[in-house]
Amino acid sequence: MKIAVLTDSTANVSEELRRRYDIHEVYLNVLFNGQTYREMKDISPDEFYSRMRTEAELPTTSQPSVGEYVDKLEELVVSGYTDVIAIHLSSGISGTYQSAITAGSMVEGITVHAVDSEISLTPQAFLCIRAAQMIQEGESVESILDEMAKMIEDMTAYFMVNDLKNLKKGGRLSGAQAFVGSMLQVKPILHFVDKKIVALDKVRTKKKALKRIEELMADFMGDDTVGTACIIHGHAEAEALAWLKEIEPHYPDVKFVIEEVTPVVGSHLGAGSLAFGMVKRDLKL
Ligand code: MYR
């Protein structure tokens, strides 16, 4: 048995980590005026955010096609893999997880074990890293899948956007509060509930939003002190660094990383988004 970890570009696993842990990826797409770009391959976050500033129309996004997914699985078969732990962004916001299942049923010689991360971005990467570490430790597919389910329970992220324009237009916001957050100067705080994005609070300023997110994360952690955390920003690195400086001292047993919102997710969040994610595991990054 040879097991691969396969994820998608929204997890934004760095090339260094992909090499170290043998993590494979499929790409989601950003579309500007009908022109398709594979994110992180054909278009970098910098290019994407500067294009978003100048284009009149908001970009749209698409999942990897089943055909592309099949091609990736066939490559893995040729490399001798028999099983794939396929970890994808929440099925409540993208059809990527379903593409994994459909493609898996079409390719002989490899079994796809699809994991719905129920989230996206770096928390999804945390699942990939843990799965890959367990493969290196010789753990079985069953125990990896069991740990994935437990980690999803032990993980959360809260995020804020400057306004809800992109999320509303892309149809990725659930619940009746959508209209409230679009009011001028209201900063909506969002999180995932049952695989979907919902607004859980709204405050007047960005500063207050960040404070509220810190409180929510402290509640989530409770008496737990050990974890791996991420601050993720949509083209707002200076703000992310300043926020990290404020948060990090409160969590001496937590390793923090700073990452970027990828173009596909940025299409839905808009520029200037900030997120704080945490998993109650020491991933030894
Ligand atoms: C597709 O077209 O299939 C991709 C849709 C991607 C929707 C992204 C919505 C925002 C996700 C925010 C994740 C924040 C995690 C901390």
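Tutor: Happy to! A residue counts as buried when its relative accessible area is under 20%. Please keep in mind that this is a predicted model. By that cut-off Cys128 is buried, with a relative accessible area of 0%. Cys230 also counts as buried, at 0% relative accessibility. A search of the whole structure finds zero disulfides. Cys128 is in no disulfide, and its nearest cysteine sulfur, in Cys230, is 13 Å away.

Now to the open space. The largest pocket holds about 310 Å³. It is lined by 24 residues, and those closest to its centre are Leu89, Ile93, Ser120, Phe192 and Val265. Strand S5 (60-62), helix H5 (121-136), strand S8 (155-160) and helix H11 (263-269) are the elements that give two or more residues to the lining. H11 supplies the largest share, four residues.

H3 covers residues 66-78, 13 residues in total, and reaches 18 Å from first C-alpha to last, close to the 18 Å expected at 1.5 Å a residue. Its buried residues are Tyr69, Val70, Lys72, Leu73 and Leu76. Looking down the axis of H3, these buried residues fall within an arc of 160°, so they line one face of the helix. They pack against strand S1 (3-8), strand S2 (23-26), strand S6 (83-88), helix H4 (96-104) and strand S7 (111-116). After H3 comes Gly80, with a positive phi near 90°.

Most residues other than glycine have a negative phi. Glu118 has a positive phi near 60° and is not a glycine. This residue is found in the loop between S7 and H5, and at 31% relative accessibility Glu118 counts as partly exposed. Lys284, also not a glycine, has a positive phi of about 55°. Lys284 lies in the segment after strand S13 (274-279) and is exposed, with a relative accessible area of 62%.

Finally, consider Asp253, in the loop between helix H10 (237-247) and strand S12 (254-260). With 44% relative accessibility, Asp253 counts as partly exposed. Leaving aside neighbours within four places in sequence, Asp253 is in contact with Thr225, Val226 and Gly227. The C-alpha atoms of Asp253 and His113 are separated by 32 Å, and the two residues are 140 residues apart along the chain.

To return to your cysteines: Cys128 is buried, Cys230 is buried, and the search finds zero disulfides.

Conventions
Residues are numbered from 1 along each chain as its sequence is written. This is a predicted model: local features need pLDDT of at least 70, side-chain atom pairs count only at pLDDT 80 or more; totals for chains, interfaces and linings use all residues. Side-chain values use heavy atoms; hydrogens and water are left out. The expected span of a helix is 1.5 Å times one less than its number of residues. Buried means under 20% relative accessible area, exposed over 50%, partly exposed in between (1.4 Å probe, protein chains only). The arc is that of the directions from the helix axis to the C-beta atoms. Contact means heavy atoms within 4.5 Å. A disulfide is a pair of cysteine sulfur atoms within 2.5 Å. On a 1 Å grid over the protein atoms alone, a cavity is a set of points where a 1.4 Å probe fits but cannot get out, and a pocket is an open set with protein on both sides within 12 Å along at least five of seven lines; lining residues have an atom within 4 Å of a point. Grid points are joined across faces, edges and corners, and a volume is the space filled by probe spheres set on the points.
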